[in-house]
Amino acid sequence: MKALAYEKAHSLDAFAIELIDAAEPRLRDTDLLVGICAVGINPGEAAIRQMRSAEPGGRIILGWEFAGVVEAVGPEATGFAVGDRVMGTGDMTRDGAWAERLTVDHRVVARIPDQLSFSDAASLPIGGLTAWEALFRDHDGLAAGIDRVLIVGGAGGVGTLATQLLKSRTSALVASTASRPESREWCTRMGADVVVDHTGNVPGQLRDAGVDRIDLVLSTSGTIGNAGWIAEILRPFGHLAVIDLDGPLDLGPLAGKSVSLHTETVFSKIMAGGDTASQGRILAELAADVVAGRLRPIATTVLDGLSVDTMRAAHELAESRRTIGKTVINI
């Protein structure tokens with residue numbers, strides 16, 4: 001099969017992902033074999049490309065957000081049949097979806113409703129699961145006492161879906177940060193009650209908007225540099241959910257307020273153990289919410305073709321850190 005792969009970690013300027021002939025993926029007992037129709041592109045995948053090399057003689061196929069059609073079903077994979085349209089994530093210890101086919105544990109997959117296109121479906125899994133688990137943890141809603149939430153990076157994929165989840169499933173006031181006019185307008189369209197500029201005085205802007213305290217901050221970017229003002233706006237015994245920790249975080253300002261710190265990675269359940277099937281159930285709920293009009297898919301840039309050129313263009317957008325919503329490639 002055709003796949004996009006690379007051998008050595010590299011920068012965007014030295015882009016080295018190539019279209020190769022790869023071996024067909026092997027089906028495990030709990031797996032589905034999925035023919036890939038569309039993939040969502042994430043900043044985390046671009047970061048892995050910059051840092052992670054293959055073992056000597058090997059290659060890396062990235063991509064853990066996909067939509068496609070089931071081509072085969074493992075003997076222990078229940079609830080799916082050949083021909084089902086599905087969306088899901090995957091397992092970072094296995095090959096990803098930048099290929100014609102993927103094998104994936106059926107528990108992190110959900111059916112795509114007929115009303116949803118492959119490109120729209122591929123925009124949902126990573127952002128939707130990350131936002132759900134960061135906000136709700138292993139429950140179906142916010143913890144008691146959380147009714148004012150700030151999302152740092154409200155125009156990105158996670159931030160966009162987090163805003164929609166909060167507005168459709170809770171009564172919380174939702175504040176978002178965005179620095180450009182177009183991203184501020186996007187956050188408002190997605191349902192944010194208040195939008196502030198994270199390059200300015202965030203506590204002051206919130207006070208001016210009548211928000212004197214925040215119960216939960218969901219930080220999707222810049223957490224290490226923003227820890228001081230995040231601690232300032234959080235109430236005592238508030239909560240900080242973080243998805244971008246890539247270095248040491250000064251907990252001093254947070255400890256002074258007895259803040260609870262929650263980290264989130266969407267692959268923790270399948271890689272470290274946990275209720276893996278919950279992710280399939282969450283994806284099914286997200287799909288149902290889209291059909292019911294409670295959520296909007298977030299594919300804002302759609303590219304066509306499994307090619308080096310389209311993948312490089314997608315990585316340029318991901319590394320710009322100025323994207324709104326999600327970039328999707330139709331295979």
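In this predicted model, the buried residues of helix 10 (277–291) pack against strand 5 (85–88), strand 7 (109–111), helix 3 (125–136), helix 4 (157–169) and helix 9 (268–272). Helices (H or I, at least four residues) and strands (E, at least two) are DSSP runs numbered from the N terminus. Residues are numbered from 1 along each chain as its sequence is written.

**Helix 10**

- Helix 10 comprises 15 residues, and the distance from its first C-alpha to its last is 22 Å, close to the 21 Å expected at 1.5 Å a residue; the expected span is 1.5 Å times one less than the number of residues.
- Its buried residues are Ser278, Gln279, Gly280, Ile282, Leu283, Leu286, Ala287, Asp289 and Val290, where buried means under 20% relative accessible area, exposed over 50%, and partly exposed in between (1.4 Å probe, protein chains only).
- An α-helix has 3.6 residues a turn, so residues three or four places apart point the same way.

**Salt bridges**

- The structure contains 23 salt bridges, each defined as a side-chain nitrogen of Lys or Arg within 4 Å of a carboxyl oxygen of Asp or Glu.
- Arginine 169 and aspartate 289 form a salt bridge through their side chains, at 2.9 Å from N to O. This pair links distant parts of the chain, with arginine 169 in helix 4 and aspartate 289 in helix 10, 120 residues apart.
- Aspartate 289 is buried at a relative accessible area of 3%, whereas arginine 169 is partly exposed at 29%.
- Lysine 2 pairs with aspartate 21 in a salt bridge whose closest N and O atoms are 2.8 Å apart. This pair also links distant parts of the chain: lysine 2 belongs to strand 1 (residues 2–5) and aspartate 21 to strand 2 (residues 18–21), 19 residues apart.
- Lysine 2 is partly exposed, with a relative accessible area of 36%, and aspartate 21 is exposed, with 60%.
- In the salt bridge between aspartate 105 and arginine 107, the closest N and O atoms are 2.8 Å apart. Aspartate 105 counts as buried at 7% relative accessibility, while arginine 107 counts as partly exposed at 35%.
- A network of salt bridges links Asp147, Arg213, Asp215 and Arg235.

- Threonine 130 is located in helix 3 and is buried, with a relative accessible area of 6%.
- Apart from neighbours within four places in sequence, threonine 130 is in contact with Val158, Ile243, Glu264 and Val266; contact means heavy atoms within 4.5 Å.
- Helix 7 (residues 223–233) has Thr223, Asn226, Ala227, Trp229, Ile230, Ala231 and Ile233 as buried residues.
- The elements covering these buried residues include strand 8 (148–152), helix 6 (202–208), strand 11 (214–219), strand 12 (234–242) and helix 8 (252–255).
- Glycine 204 lies in helix 6 and counts as buried at 12% relative accessibility.
- Glycine 204 and isoleucine 233 are 29 residues apart along the chain, and their C-alpha atoms are separated by 9.5 Å.

**Cavity and pocket**

- Rolling a probe the size of a water molecule over the atoms shows where empty space is left.
- On a 1 Å grid over the protein atoms alone, a cavity is a set of points where a 1.4 Å probe fits but cannot get out, and a pocket is an open set with protein on both sides within 12 Å along at least five of seven lines; lining residues have an atom within 4 Å of a point.
- Grid points are joined across faces, edges and corners, and a volume is the space filled by probe spheres set on the points.
- By this rule there is 1 cavity of 30 Å³ or more, and the largest cavity has a volume of about 50 Å³.
- The lining of the largest cavity includes Trp64, Arg94, Asp95, Asp105 and Ile270, and strand 6 (residues 101–105) gives the most to this lining, with 4 residues.
- This lining divides into 4 nonpolar, 4 polar and 4 charged residues; Ala, Val, Leu, Ile, Met, Phe, Trp, Tyr, Cys and Pro count as nonpolar, Asp, Glu, Lys and Arg as charged, and the others, Gly among them, as polar.
- The second largest pocket has a volume of about 340 Å³, and its lining has 9 nonpolar, 4 polar and 9 charged residues.
- Of the 22 residues lining the second largest pocket, Arg59, Thr93, Arg94, Asp95 and Gly96 lie nearest its centre.

Note on methods
This is a predicted model: local features need pLDDT of at least 70, side-chain atom pairs count only at pLDDT 80 or more; totals for chains, interfaces and linings use all residues. Side-chain values use heavy atoms; hydrogens and water are left out.
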